[in-house]
Amino acid sequence: MANSKETAKQILQNIGGKENVSYFNHCMTRLRFDLNDNDKINQTALENITDVISVQIKNGQLQVIIGLDVQKVYQELISLIGSAGQASEKVETKERLKPKDIPNFLIEFISSTFLPIVIALGGAGLIKGILALCASMNWLQETSDVYTVLNIISDASFYFMPFLLAISIAKRIKVNEFLAATVAGILMYPTLINGAAEGAAPLSFFGIPVPLFSYASSVIPIILAVLLLKFVFNFLSKFIPKNFEFIITSGLALIITGVVSLAVLAPAGNYLGVYIADFFIWLYATAGPLAGVVFLTLFPVLVMTGMAYTLLTVAFQNLGTLGFDFVLLPTMIISNINQGIANLAVAIKTKNKTTRSLAIGTGFTAILGITEPAMYSINLRYKKPFYAALIGNAVAGGLSVIFNLKMFAFAGSGILAIPSYISSKYPENIVNALICIAVGAILTFAITLVWVKASDFEEETADTVKIDADGLKTIDLGSVGTGDLIPITEVPDPTFSEKILGEGVAIDIKDGKVYSPITGQVEVVLASGHSVGLRSSDGVELLIHVGVDTVDLNGKYFKTLVNQGDSVKKGDQLIEFDYQKVKEHVEFTPTIVVITNTNSYSDVNISTKSKVHSNDNLISLSLN
């Protein structure tokens, strides 16, 4: 990483400053921001930051993918903004949540709630897995004091999960963390836990029955309780003077939240958790191996969209209810290992030293459980390795259901978590797990080796760079289509004509087919379909913009054939549009091509032809 402090400053500058940050956090590889105004995001500038791998907005949340150094940047952001819970309070500037946005909001809320506590659960789960391995190999007796102490250490974060979730939720929704922890203490009070174990009759609070349940390791009850606390506290604050908030407001909020949670919300949440577990048991029993095939095939997509962490609710509920998880935890290890294996196969096939080094590094990182660098830098870039991993996932996913694969602790999502498959009650489980992992990995590796060709990596050799007789290095860019050339100074928009964005040219493409002039990656695709941003494998940054004021058409008459993050080769079609229809609505229809990093080159030479074809050279760049 170049400079984590400088990276943090640049990110903050391009998201509207700290005043625009409502909440922020991070997962294994990405920063996650809830902003007061997403219109203040400068996505292009963010993507151009050296240490930023990719930028995406999912469910209204800005996600800046950094990689393994995300923690360093996160700490620098804390020093610039304050803690996640101390971010700007100006959330009232956000639009009121619309009914159609509720599902996306819930997905984002659950994901961001679990992310901060994963570090505690992962560490404890690893200890639990190693403990299971030691017991199965008779290296440690379960009756020994050493085993008991280590079991206490490994169990604590799972048993007292309501406390961890309470603090995480409190930071997320901006309610006092200590009040939230107190609510968790109410749910975890020994009278409830012991009464549930003994089958005692419900308590009565002025005639209101309070059933006795054990909420140890539970997930949904504490989420509902802290959300209620937020509502009750805010409601009371409207009527009770702030001077009395410390005692009266907080006391009343605890009484109301405690009673309602114990009598209604927590029992309902407990039953809901049981029903969720029963639903997945029914689903897997009904759909059989097909359920495993579909789930594990789609899992990398869930990772890409940030939705994978949402399923931790199901996983932890299963761990608390059943003592094991059979949905998420057993299979995500398989998926992550397959992504890494695909990278290692690429390392064997490619002849490019840089790509080989990158594939090896990100491949082993994925095998250890962190897949985003492997997916974004190699597998999605070349597509075939990603598809090979999906095939490996599908077969292994089907086997996992046939074998009724289980995982008994959350110990991360990589190869080090394998001991968590071990159980004295299910001795065959670890063998079945190793079979599923091996089958998925072997298939992924073999398919990648056979399917991926050395020619797939031709774009890495920078074959567009040429050296003339004088030793000057130049880069030739192809035409984006067939049509008459128009000087950029004649474009009726000063942003282009005054070359504010950079040097370029316009082409009147009457057949409506726009092609990539370079081999590289799609950096930006506007939703309106009229503009695409590209970055070549040689570092050339391009903006391709069809017409002027075409954004007002809101995508009508346009069809984009690529997505952000796609790899493209020179000559691949990017956009298709109805030239005549567009011309009826806007004054200027030619397609504008701009070198947005013009300052990186000593000279930019535009073709002198009056008309070019899609296979002609359009621009020649001289390197500094």
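Where is Thr 7 found? Thr 7 sits in helix 1, and this briefing starts from there. What you have above is a predicted model, in which local features need pLDDT of at least 70, side-chain atom pairs count only at pLDDT 80 or more, and totals for chains, interfaces and linings use all residues. Residues are numbered from 1 along each chain as its sequence is written, and side-chain values use heavy atoms, with hydrogens and water left out.

**The protein overall**

- The secondary structure comes to 20 helices and 21 strands; helices (H or I, at least four residues) and strands (E, at least two) are DSSP runs, numbered from the N terminus.
- Of the 624 residues in the protein, 54% are buried; buried means under 20% relative accessible area, exposed over 50%, and partly exposed in between, with a 1.4 Å probe and protein chains only.
- Among contacts between residues at least 6 apart in sequence, 71% join residues at least 24 apart; a contact means heavy atoms within 4.5 Å.

**Helix 1 and Thr 7**

- Helix 1 covers residues 4–13, and its buried residues are Ser 4, Thr 7, Ala 8, Ile 11 and Leu 12.
- Looking down the axis of helix 1, you would find these buried residues within an arc of 130°, so they line one face of the helix; the arc is that of the directions from the helix axis to the C-beta atoms.
- Here is the background: an α-helix has 3.6 residues a turn, so residues three or four places apart point the same way.
- The partners of the buried residues of helix 1 are strand 1 (21–26), strand 2 (30–35), helix 2 (43–47), strand 4 (61–65) and helix 3 (70–81).
- Thr 7 has a relative accessible area of 3%, so Thr 7 is buried.
- Setting aside neighbours within four places in sequence, Thr 7 is in contact with Ile 49, Asp 51 and Val 73.

**Helix 10 and its two partners**

- Helix 8 (residues 177–187) and helix 10 (residues 220–237) have axes that come within 10 Å and cross at roughly 135°; axes are lines fitted to C-alpha atoms, for helices over the stretch in contact, and angles run from 0 to 180 degrees between N-to-C directions.
- Helix 8 and helix 10 are therefore oblique to each other; angles under 35 degrees count as roughly parallel, over 145 as roughly antiparallel, 65 to 115 as roughly perpendicular and the rest as oblique.
- On the helix 8 side, the contact is made by Leu 179, Ala 180, Val 183, Ala 184 and Leu 187, while helix 10 supplies Pro 221, Ile 222, Ala 225, Val 226, Leu 229 and Phe 233.
- By class, the contact of helix 8 with helix 10 has 11 nonpolar, no polar and no charged residues; Ala, Val, Leu, Ile, Met, Phe, Trp, Tyr, Cys and Pro count as nonpolar, Asp, Glu, Lys and Arg as charged, and the others, Gly among them, as polar.
- Helix 7 (residues 161–173) also meets helix 10, with axes that come within 9 Å and cross at roughly 40°.
- Helix 7 and helix 10 are therefore oblique to each other.
- From helix 7, the contact uses Pro 162, Leu 165, Ala 166, Ile 169, Ala 170 and Ile 173, and from helix 10 it uses Ile 222, Ile 223, Val 226, Leu 227 and Lys 230.
- The contact of helix 7 with helix 10 divides into 10 nonpolar, no polar and one charged residue.

- Ser 335 lies in helix 14 (residues 329–349) and counts as buried at 1% relative accessibility.
- Beyond neighbours within four places in sequence, Ser 335 is in contact with Leu 296, Phe 299, Pro 300 and Asn 393.
- Gly 520 belongs to strand 12 (residues 520–525) and counts as buried at 13% relative accessibility.
- Not counting residues up to four places away in sequence, Gly 520 touches Arg 535, Ser 536, Ser 537, Asp 566, Ser 567 and Val 568.
- The C-alpha atoms of Gly 520 and Gly 539 are separated by 8.6 Å, with the two residues 19 apart along the chain.

**Positive phi in loops**

- Most residues other than glycine have a negative phi.
- Lys 383 is not a glycine, yet has a positive phi of about 65°.
- Lys 383 is found in the loop between helix 16 (372–382) and helix 17 (384–402), and is partly exposed with a relative accessible area of 29%.
- Asn 404 has a positive phi near 55° and lies in the loop between helix 17 and helix 18 (429–451).
- At 43% relative accessibility, Asn 404 counts as partly exposed.
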